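Please keep the sequence and the model in view while reading.

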Amino acid sequence: MTEQRRDEVGWLRRQWVGAVQSYQWHVLNRSESWLTQAIRTEYAGSYMVERPFQEAIGSMKMIAGTAYMIRADLLRELGWGRSLTEDWELTLRLYTRGYKVVYTPYAETPAECVSTFTRLARQRMRWAEGHSYNVRKWFWSVLRSPRIRLREKVGFAFYSTYYLQALFMFVGSFCWLLSEVVFKVHVPEWTSLMGWSLVISNLLSLPLMNLSGLVMEGAPRRDLSGILGAVAISFLLVPFQAWAAVKGLFERNEGPWFRTPKTGRITDPVWPLRRLGKLRRWLLGPKSGEGQPPGPARISANISPPRRPARRLAWVMIGGLMLCLGALGVGALHAPVVEAVGTMTLYLHGASTFTMDEVSPIGSQQTFFLGNGATRTWHTPSSTAAAQTIAATTTFSFTFWASGPNTDDSQTRLTFAYSSSSTCSSPTTIAQATFLLHTGANQTTATFTPASSVAVPTGSFFCWTMLVLDAGADAGRTLLYDDSTDKTHINSSQTIFIPEFALLLVGVALLAPLATRRGVRLRTFLRRHSS
């Protein structure tokens, strides 16, 4: 492409840019309270991660607040809207006319955060109502507009339910609580797994996005304490945003607009803008008085109380995240039992306590003498954390190692069941069959299935029972198991339970670098001061 052609393309692109959104940098009162710290962190993730990503993929960008510039001729043509979210309405009006909004994080506009939760809730309710109202009003106009690209339409459709997500979460949580507490009915199978996966992914993604935003803008370490607060307000605002979003979606006219009051209290310096001082001195030279020795110090009577060291706040943040992830990890040991496509293998273990799980044996060989009337039961070491259904199409087979005489077989009843007790007392049969077990290695019985689909309630232990009905003429056969070679086990065509043991390790992997860095700095600090 020639230089002249590039200039023409650049000129055409500039003609279609209707507005430029810059970075609303909410740092003026970030230290006023935990709430302002949380809101400041929330904005960092949005303006340093979410919006640059939208710019990179060419999605629809929204103009927001006061930190944007718009072409004067367009503003005169379009006029100023009266919507509760006039900036969102203006965005849609620009796009339907073929104009674009671009975003730059390099133009920083210091701003003030809302300082009370009541004001924050009213502000977010106004946003939710106005957003949903304009989505309904402009939805088909945006999707049908030939001036809007496909990726911009996809972005608009994705963000059209931005505030309605609060409704889905509120209704879903209420229904889950009602079923667990009132009706004592547990959410089944994949529904439970998907629901908890969404909750856990939300708990992890929000802190990561906000942390990334703080790191990318070069925020001081003390601002990291706002990450937990940002997660907290995202849940606290759910009922308010849900109601306002539904109201805006169905109401004929929007409610009244109100201004969100601010305290005007500035608690923090805008430190990155100090870099402009070097540029000013380089261009214009020092001001009068600069470079002179300082005069006598003045002591102000209005001395603010000493603030808590940022180091402690960072440790509190890391400890809180570790506590949350630790609780999730402990809960993962009793993860919901789910029905899924695939196979399951349960290995038999134990010499005095007889258990079975999905861990392949590596210990010493154990035996079970298959004499007349001999019986033994193995059980899972932990109970299920959610209800599940074992389908009637599930097939079970028993693969075993046995030693002893091979002139006759042992007639044995094999039972797969569940029980509310870890000792498998009063078990409920899932599938049962009688087979002839003979001497040999890696022997497999024929498959057997449940008579019908079986609903397994929460808090159940799975049980495997072997009862020798007739040992035959040569009553000297022995079952071998729990050895790295003799891996006696039960196979199922259905995956009955899937423990999520790796969840805690993922959380530790995310936080370990931060904790290690903090520990190194702390040791260095102690060494210097001790010497």
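A residue is called buried when its relative accessible area is under 20%, exposed when it is over 50%, and partly exposed in between, with a 1.4 Å probe and protein chains only. By this criterion, 41% of the 531 residues of the chain count as buried. The model is a predicted one, in which local features need pLDDT of at least 70 and side-chain atom pairs count only at pLDDT 80 or more, whereas totals for chains, interfaces and linings use all residues. Numbering starts from 1 along each chain as its sequence is written, and side-chain values use heavy atoms, with hydrogens and water left out.

The chain contains 13 helices and 16 strands; these are DSSP runs numbered from the N terminus, helices being H or I of at least four residues and strands E of at least two. Contacts are heavy atoms within 4.5 Å. Among the contacts with a separation of 6 or more, 83% join residues 24 or more positions apart.

The interior may be considered next. In soluble globular proteins, nonpolar side chains tend to be buried together. A nonpolar core is here a set of buried Ala, Val, Leu, Ile, Met, Phe, Trp, Tyr and Cys residues joined through side-chain atoms within 4.5 Å. The largest such core has 33 residues, and Met356, Trp378, Phe398, Trp464 and Met466 have the most contacts inside it. Several strands supply at least two residues each to this core, including strand 4 (340-349), strand 9 (396-403), strand 10 (410-419) and strand 14 (461-470). Strand 11 gives the largest share, five residues. Another core, of 22 residues, lies apart from it and includes Leu35, Ile39, Leu224 and Ile233.

Aspartate 482 is buried, with a relative accessible area of 11%.

Valine 181, located in helix 7 (residues 164-182), forms a nonpolar surface patch together with Trp176, Leu177, Val182 and Phe183.

Terms used:
Patch = residues over 30% accessible without salt bridge, like charges linked within 9 Å, V, L, I, M, F, W, Y side chains within 5 Å. Areas by Shrake-Rupley, 256 points an atom, 1.4 Å probe, with all protein chains shown as cover. Salt bridge = Lys/Arg side-chain N within 4 Å of Asp/Glu carboxyl O.
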